[in-house]
Amino acid sequence: MKKKILVTGGTGYIGSHTVVELQNAGYEVVIVDNLSNSNAEVLDGIEKITGIRPAFAELDCNDKEGLKALFTEHNDIKGIIHFAASKAVGESVQKPLLYYRNNIVTLLNLLELMPEHGIEGIVFSSSCTVYGQPDILPVTEDAPIKPALSPYGNTKQINEEIIRDTIYAGAPFKSIILRYFNPIGAHPSAEIGELPNGVPQNLVPFLTQTAMGIRKELSVFGDDYNTPDGSCIRDYINVVDLAKAHVIAIERMLENKTEEKLEIFNLGTGRGVSVLELINAFEKGTGVKVPYKIVGRREGDIEKVWANPEHANNVLGWTAKESVEDTIVTAWNWQLKLRERGIQ
């Protein structure tokens, strides 16, 4: 058995897929999640896929004393992957204080507790939103950080700065910051996938719920952008591909393969796909029509962004392997599995 890893937000979408990949790679995992945007039944799916049920604590990472007790109980945790955060751009514009508290205080608590408990490294779940609307595409890690277009994006920028300053001040641990582009899809087993509580804030679960008839129609926010079809362009990355990058990052830190105490990597495919192209790929791959309408632009949305993933390819030895076309079908298979289970 490899070292023990704490995964905050581990019953969430990306977190649960990462737990699967960590356990498949031989790591022991402890999950912390307050279940504000996930469900404890995800643990069943993880167990079905891996044959192992991870340790789980229902706990808010804002609760520093609760975290301290957890680290005391699991005194052999060596690394942290920090996912726990609120993540909807639109909601963050409406509820900025919620986002600043959830996304910043949680990180402060972890960074303060890490040296006390001998934790050697933290992988931070960041986002391509830190680049704003980039001047040059595709985006490399050297692209300038632009003023955030939403409180959500601002929390990612602030957290990156907090980690950088903490490392610079001589903290006795390492960090790898992973800037995601747009994760989509589900595990090929259809045992876990994206299942937000309430109305989905992300495109693909809203799309699959609309195709299923749960939602009346999908809103496409704007068709007047400076893109080939007028809709926003994103770099959609398979969630299992993304999860595997976290396993590589943890191993890199804990086995002293890092070149610096702080490293940053873009995680994307290098291919930009528009919202309308994604809808078309879904309809083509599944044979199911998606009712949608064009509505006005959404505040905080970036026009177009996709990654230059060469740094991650060359240094981490990680590559996104799954196509958007195949990935969008896994999202539909997950939605079908939810219907079988009676979950709407």
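I listed the lining of the largest cavity: Tyr13, Gly185, Glu194, Leu195, Val204, Pro205, Thr208, Gln209, Ala331, Trp334, Gln335 and Leu338. A cavity here is a set of points, on a 1 Å grid over the protein atoms alone, where a 1.4 Å probe fits but cannot get out; lining residues have an atom within 4 Å of a point. Helices α7 (203–212) and α11 (324–340) each give two or more residues to this lining. By class I noted 7 nonpolar, 4 polar and 1 charged residues, with Gly counted as polar. The space comes to about 70 Å³, taken as that filled by probe spheres set on the points.

This is a predicted model, with local features needing pLDDT of at least 70, side-chain atom pairs pLDDT 80 or more, and totals for chains, interfaces and linings using all residues. Residues are numbered from 1 along each chain as its sequence is written, and side-chain values use heavy atoms, without hydrogens and water.

Next I checked helix α8 (residues 239–254), a DSSP run of H or I with at least four residues. Its 16 residues should span 22 Å at 1.5 Å a residue, and the end C-alpha atoms are 23 Å apart, which agrees; the expected span is 1.5 Å times one less than the number of residues. I found 13 of the 16 residues buried (under 20% relative accessible area, 1.4 Å probe, protein chains only). Asparagine 256, which follows α8, has a positive phi near 55°.

Last, I looked up leucine 22 in helix α1 (residues 13–24). Leucine 22 counts as buried because its relative accessibility is 0%. Beyond its neighbours within four places in sequence, leucine 22 contacts Ile5, Val7, Tyr27, Val29, Ile81 and Val247 (heavy atoms within 4.5 Å).

Conventions
Buried means under 20% relative accessible area, exposed over 50%, partly exposed in between (1.4 Å probe, protein chains only). On a 1 Å grid over the protein atoms alone, a cavity is a set of points where a 1.4 Å probe fits but cannot get out, and a pocket is an open set with protein on both sides within 12 Å along at least five of seven lines; lining residues have an atom within 4 Å of a point.
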